[in-house]
Amino acid sequence: MRISRSQITLIALGFLPAHVFAADTLSTNGISTCLTGAEVQVQKLDVTYTRSTRVVVFDVSGTNEKQQNVTATLSVYAYGNEVYSKAFDPCGSENHVERLCPVPSGTFQATGSQEIPESFASQIPAIAFAIPDLDGQVKLELKSKEDTHDVACIATHLSNGKSAQMPSVTYAAAGVAGAALAMSGLSIIGAAGHPGAASSSPGFGDVMGWFHSMATNGMLSVNYPAVYRSFTKNFAFSTGLIPWGQMQQSIDDFRKSTGGNLTENSYNFLRNATLEFSNGSSTATSSKAKRGFNLIVGVADLAIRDVSTSYSANSTSDNETSDTSVKKVVSGIEAWAEQLTIPQANIFMTCLLVFAIVIAAITVGILLLKVILELWALYGSFPAKLTNFRKDYWGLLARTITNLILLLYGIWVLYCVYQLTGGDSWAAKVLAAITLVIFTGVLIFFGVRIWYVARKYKAAQGDASGLYEDTETWRKYSLFYDNYKKDYWWLFVPAILYMFAKGVIIAAGNGHGLVQSAGQLIVEALMLALLLWYRPYVAKSSQWINISIQVVRVLSVACVLIFVEELGLSQTTKTVTGIVLIVVQSALTGILAILIAANAIILCVRENPHAKRRREAKKMNRDMDDLTPLDARESLLMENPPRKEYTEMSKFNFTGPYEPYRDHYDPKARLSPTGSTDRLVDPPGYHESQHGRSPSPESRYARDSRDSPDGRKPTAPSYGFAY
């Protein structure tokens with residue numbers, strides 16, 4: 001038996017999660033005319049079928065210029081393919097429809113219900129009630145019997161009330177981000193006082209960056225399948241777009257007083273509007289339109305038969321007036337935001353207010369913690385670890401805000417540029433320009449400052465190791481480069497440029513899906529090449545996690561190219577591609593959540609390596625303090641005296657009586673059967689390689705030659721006795 005692509009699409013969609021609380025209904029969602037200058041105008045068409053009761057309820061109203069007999073053709077489409085078509089005569093005995101035989105003149109309204117026989121109801125596939133974001137359409141065409149010319153064409157979309165946009169997914173994603181934030185905070189606390197220590201991965205920045213990628217993938221001006229468009233809305237919170245009615249109304253009032261146009265660009269307008277997308281699908285933002293959605297082939301056939309109806313010639317009926325909704329064609333960033341009931345002109349102001357609320361919450365939280373610590377210091381023994389926090393309250397607050405700016409910089413660029421190019425309020429445009437300049441200026445300042453400090457260290461020490469070794473420098477600037485190796489500290493600059501380029505391409509290219517997709521693909525591919533070439537991260541886990549995320553970003557943008565209208569691919573192909581994107585992106589999100597949980601378990605059961613290092617250093621210092629001239633631990637009378645490398649002795653090198661001085665590390669010596677070594681002091685760079693931040697050959701050469709202008713090495717003194 002041959003299985004069509006439409007059937008494969010339906011089966012695949014059936015495995016996706018959907019609203020479990022949605023009723024088992026199929027109903028119409030919105031109505032549009034597909035004939036210009038139609039003689040019969042239909043203003044309302046609500047049809048709902050409930051599987052549990054097998055009852056079809058419908059409500060149709062419209063106007064007609066003259067009474068006439070018509071023939072009708074009913075067509076049903078699923079994912080762009082026609083799956084059912086039937087022509088019938090409303091006055092015939094097989095499919096008699098009283099209110100269309102003939103079509104009355106003036107204003108008409110027909111309401112009624114019918115119980116569907118079990119023989120017909122059983123033909124409706126159960127998967128039709130479970131598929132999220134069912135992409136179906138019903139079209140009814142009426143032709144005059146006199147001269148067969150078209151008198152009406154009505155199209156309506158089908159849905160089952162289930163969607164890939166679920167509050168549970170949003171809450172789960174927010175929980176993953178919160179767990180990543182907690183783990184990053186614990187990692188920073190554990191490494192406090194240890195400059196050069198890398199944070200755990202995946203961190204808060206990795207997770208939020210990935211959520212940003214999934215959200216922005218849904219903002220392009222391409223023909224998305226409905227299921228993928230809904231899926232990307234689950235991560236809107238990561239970009240600062242949080243639906244809040246009172247906030248939107250306040251922003252509308254602000255825009256109105258500063259030159260904004262609220263006619264079709266306001267919160268109240270969107271509440272009663274039906275959004276139509278470029279592929280012909282639609283979604284209703286009003287609460288009434290969300291009660292159920294779609295129709296089915298068998299039910300559509302039976303609904304046009306003999307039914308119990310009521311007729312009203314009152315053109316100003318209450319039902320018609322109250323249920324009237326407006327349509328708005330949207331695409332790109334506007335479509336993505338307005339599905340969340342956020343007008344496109346309010347996008348920037350919404351993000352700005354959410355950012356201000358977050359900053360206020362962080363400020364109050366840090367201040368509260370400082371008050372608690374001050375009271376603790378007054379009435380109890382204060383831990384030494386928290387001393388720096390008490391002294392550096394404003395510095396911590398400034399670094400937190402800077403970190404938040406760096407984390408959201410790509411989103412800020414996108415929203416600011418979009419506001420400047422498409423906003424209607426002069427005040428909002430001024431705020432967007434100021435915000436973009438300030439945030440970009442902050443990052444430029446830190447970039448220039450870090451570059452200047454690195455040059456100073458290179459001039460004094462031969463390399464930029466001081467960025468990682470100096471406690472004060474690390475405390476001030478490490479948030480930009482803490483996960484990079486010492487020789488690749490500068491990679492935060494390409495990362496910032498990468499975020500800037502992505503934001504500009506999406507915002508400035510709004511309305512041009514091919515330009516947006518191709519531009520993003522180039523930027524993502526360049527970033528992937530940079531990571532593969534340098535592999536700049538200290539920890540191997542960070543290395544592979546970030547490279548994997550970047551690979552999926554490239555593949556995701558490549559798949560989005562399939563949605564571009566210029567390519568002309570079928571709707572079935574686009575839907576299957578959307579399902580693949582959902583599966584891949586969900587899998588990567590799940591892997592990140594598992595890794596965060598694994599890091600939490602490791603943190604609980606494993607000893608803090610930094611605390612262990614501190615304890616060993618203290619023990620070594622105690623051993624040095626209790627040494628005496630007759631201490632047996634260093635006596636030459638002992639047969640096998642233990643060898644120890646002490647901090648004070650590590651500045652010298654010991655030589656044997658029969659071999660020359662060696663200042664280079666021989667890896668083979670460490671692998672000798674006896675485990676002995678040919679030198680007592682590790683060369684410069686050995687300890688760095690042990691801690692993961694390996695300097696480049698140029699850095700080692702500079703370190704070896706920086707003490708002598710002509711490159712000669714110093715002579716090591718003969719200290720102590722040879723063993």
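In this predicted model, Trp451 counts as partly exposed at a relative accessibility of 43%, whereas Trp489 is buried, with a relative accessible area of 4%.

A search of the whole structure finds 23 aromatic pairs. Among them, the rings of Tyr409 and Phe500 have centres 6.4 Å apart and planes at 20°, and because planes under 30 degrees apart count as stacked, this pair is assigned to that class. Tyr409 belongs to helix H14 and Phe500 to helix H18, so that the pair links distant parts of the chain, 91 residues apart. Tyr409 is buried, at 3% relative accessibility, while Phe500 is partly exposed, with a relative accessible area of 36%. The rings of Trp451 and Trp489, in turn, have their centres 5.3 Å apart and their planes at 65°, and the pair is therefore edge-to-face. Since Trp451 lies in helix H15 and Trp489 in the loop between helix H17 (471–477) and H18, this pair ties together parts that are 38 residues apart in sequence. Ring pairs also link Phe211, Tyr224, Tyr228, Phe231, Phe235, Phe237 and Phe563 into a cluster.

Helix H14, which contains Tyr409, comprises the 14 residues 409–422; at 1.5 Å a residue it should span 20 Å, and this agrees with the 20 Å that separates its end C-alpha atoms. H14 is mostly covered, with 11 of its 14 residues buried, including Trp412, Leu414, Cys416 and Gln419. The buried residues of H14 pack against helices H4 (204–216), H10 (332–338), H11 (347–379), H13 (393–407), H15 (426–461) and H18 (492–508).

Note on methods
Residues are numbered from 1 along each chain as its sequence is written. This is a predicted model: local features need pLDDT of at least 70, side-chain atom pairs count only at pLDDT 80 or more; totals for chains, interfaces and linings use all residues. Side-chain values use heavy atoms; hydrogens and water are left out. Helices (H or I, at least four residues) and strands (E, at least two) are DSSP runs, numbered from the N terminus. The expected span of a helix is 1.5 Å times one less than its number of residues. Buried means under 20% relative accessible area, exposed over 50%, partly exposed in between (1.4 Å probe, protein chains only). Contact means heavy atoms within 4.5 Å. Rings of Phe, Tyr and Trp (its six-membered ring) pair if their centres lie within 6.5 Å; planes under 30 degrees apart count as stacked, over 60 as edge-to-face and the rest as tilted.
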